[in-house]
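Biologist: I would like to learn how to read helix packing and chain contacts in a model. Could you take me through an example?

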Amino acid sequence: MFETELFLEALPILVMAFLEVTLVVTVTSSLLAAVLGLVWAIALRELPGALARPLAFVLDFIRMTPLPVHLLVIYYAFTQLSPMTVGILVFGVHYSTYMAESYRAGIESIRKGQWEAAKALSLPPARTWRAVILPQAIRNTLPSLGNWAIAMFKDTPFLIFISVPEMVTRAREFGGQNFSYIEAMTLAGLLFLLASYPTAVLMQKLEKKLAY
Amino acid sequence: MPTDPDHRPTTDARTSEEEPRVRFEDVHKKFGRTTVLEDLNFVVGRGERVTLIGPSGSGKTTILRLLMTLETLTGGYIWVDGDPLTHDRRDGKRVELRPKQVAQVRKRIGMVFQQFNLFPNMTVLQNIVEAPVHVLGQSREQAAENALSLLEKVGLRERADAHPTELSGGQQQRVAIARALAMDPEILLLDEVTSALDPELVGDVLNVLKDVAASTDITMLIVTHEMQFARDVSNRVMMFDGGRVLEEAPPEQLFSNPQHERTQKFLEAVV
Amino acid sequence: MTEFFSDLGTALPRLLGEGLRDTLLSFLGGAVLMVIVAVVLGVAMHQGPRWLRVVARVVVEFFRGTSLVVQLFFLFYVLPNLTGLGSLGGTWTAILALGLNYGAYGAEVVRGSLNAVPAGQWETATALSMPWATKMRRIIWPQAWALMLPGFNNLMVMLVKGTAVVGLVLLNDLTFESEQVRREVGTWPAFLAALLIYFVIAWVVSLALRALEARAQRRLGLGDFEVRKARQDADQVMAGGVPDDQDGR
């Protein structure tokens, strides 16, 4: 039923796929999402309504529609991009819409007095954001960003839709070739669990530590 | 020893006249490593009104919460009408009772909380009717009729269909009193029932309670900082400090002539 | 531009005819199972005896931690061999995977909401001698329900999006069909049509839950603070890890 040999054979293949694709996409896209999310959050606050409203709609639209379809549309529309690049961009943009919400909550959690104090000191807006608001907001937001990164990590198997050879794609291939799926699939699940659970616990610790 | 503690009738010979309503026997309570009550012994007689006073952290509230089974004893026994509340002594051993058995005895006890704790998903009337219908098995009509007369008693009959959030704190607490009384308890526990109220609302609540004290023979255990109220309703005042009874006496005696220096200091601080 | 809209006009009805059924079926089945799983595991994690709390917690962490697609493939490729009962079929596989995965997240929502019902409410129910079932059904659940709706709202939208993977177990859902339609009408009209349909589904689902939420909160007269807190928690619905307000009452 469960053959240890096949399990061990699958191990290096999946670990390589994990390191070369899953991890690369997770890390790169998380960074992209964290930057874009911040841009959206500031833009939504600072832009005039006529621009902020359409932006908010686009972000909502992306957030409320499935990531696999986003992968497919960019994959087919921009054939000059490698599937891996498409993956990184789409994951980054998709999750930036979630992270924008996290930043928004972080910014809103800053007491009104902070804005008023900055104003009273005649700080220009850019300086207010950079020196007063963001350092506090990002501190509040960090654990939430981390949680979204973990969620993204668990979504990376969606890359199968555009044939990027990530871990689960490899596990399925391996299963097909050996007429037994249990070893590789178990391993894939295990690797996800091993990577995501400790990170999640870590985020929780961080959250508590950063809480005022 | 009774052979079948599950079906012990509430009025057997053992539990009648000679048994006090409440007896704490060598009661011990620890929270983690902190001992709150140590070898506590006292009895409360039938129809007695006992006020527990003492500095915060002296264990008064814990006594009420133990009696209401909201906390678990770490040692000793509590007897209600001679029946064990949560732990029984069998062949010299301390045995924890099953939840069903605990529930039997607990039904004789009611409690009013500092924070009122009205159920926000129900109207005033539903709050009062809920337990009589679902716990005592009264019919809805009977329970509602009884609830309305209790509301009359606490002066809130016209607010029967109001939502708890529409009431003032004092009104909420009066409803909570009616709710506890609807279960027809033999023992009523009052845990700092006026502490969360604005000063101008305290009077109404205390008047209702005085009324209850005068018109019923319910045994009451009261934790309060209202010394005048304690003087008005209680037969006995127990001064607690560090989990022990420092002294006890009828209110006029204890308030006018405290024996312990600590009691004196405490009374000076609160009055 | 007009060509684009006419292509979109071709794609939309095609998808509404062919992909929508499997997507809705997966969503509705998954939603029902998700709520059941969430309630059972959530109540077990909060109210169960110690051993049951541990078991429920392990199950929750397992399904939250191992990724939806892995679970889907496991149910599809491995389970039939394991049980020897043959394949569940794509639809049941999809419903099972979606329900278990999102249900595990939902369990945390349920547990958190039970935990957020003030201690005084639990104690008062005890002081009124209510048996456990009465206490839960009449006092605690109505209050916890209002607090869990924002979390369920987010999860339901996640679930709508999650159904896009069911094509991997050979269902002809919206995502799969849009890839077929693409060959006739081109990339943008085909996928945009699919996205629009997904968006409308998610939007309707979210609106329905908002209405439930408003009703539940009106009934409780919940304060602004509690509502805001519940919404904030809802945004963390996909977070993992073991919370430390674990103790059941």
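Modeller: Gladly! This is a predicted model, and we can start with a pair of helices. The axes of H3(B) and H4(B) cross at roughly 130 degrees and come within 9 Å. Angles over 145 degrees would count as roughly antiparallel and 65 to 115 as roughly perpendicular, so H3(B) is oblique to H4(B).

Biologist: What is the handedness of the crossing where H3(B) passes H4(B), and which residues make the contact?

Modeller: The crossing is right-handed. H3(B) brings B:Leu125, B:Ile128, B:Val129, B:Pro132 and B:Val133, while H4(B) brings B:Arg140, B:Ala143, B:Ala144, B:Asn146, B:Ala147 and B:Leu150. By class, that contact has nine nonpolar residues, one polar and one charged.

Biologist: Why do such lists skip along the sequence?

Modeller: Here is the general idea: an α-helix has 3.6 residues a turn, so residues three or four places apart point the same way.

Biologist: How many residues of H5(B) are buried?

Modeller: 12 of its 13 are, so H5(B) is largely enclosed by the rest of the structure. Among the buried ones are B:Arg174, B:Val175 and B:Arg179. The buried residues of H5(B) pack against E8, H3, H4, E9 and H6 of chain B. From first C-alpha to last, H5(B) reaches 18 Å, close to the 18 Å expected.

Technical notes. Residues numbered from 1 in each chain as written. Chains lettered and ligands numbered in written order. Predicted model: local features only at pLDDT ≥ 70, side-chain atom pairs only at ≥ 80, totals over all residues. Helix = DSSP H or I, 4+ residues; strand = E, 2+ residues; numbered from the N terminus. Expected span 1.5 Å × (residues − 1). Buried ≥ 20, exposed ≤ 12 C-beta atoms within 10 Å, placed from the backbone. Contact = placed C-beta atoms within 7 Å. Axes fitted to C-alpha atoms, helices over the stretch in contact; angles between N-to-C directions. Parallel < 35°, antiparallel > 145°, perpendicular 65-115°, else oblique. Left-handed = near helix turned anticlockwise from the far one by under 90°. Nonpolar A, V, L, I, M, F, W, Y, C, P; charged D, E, K, R; others polar.
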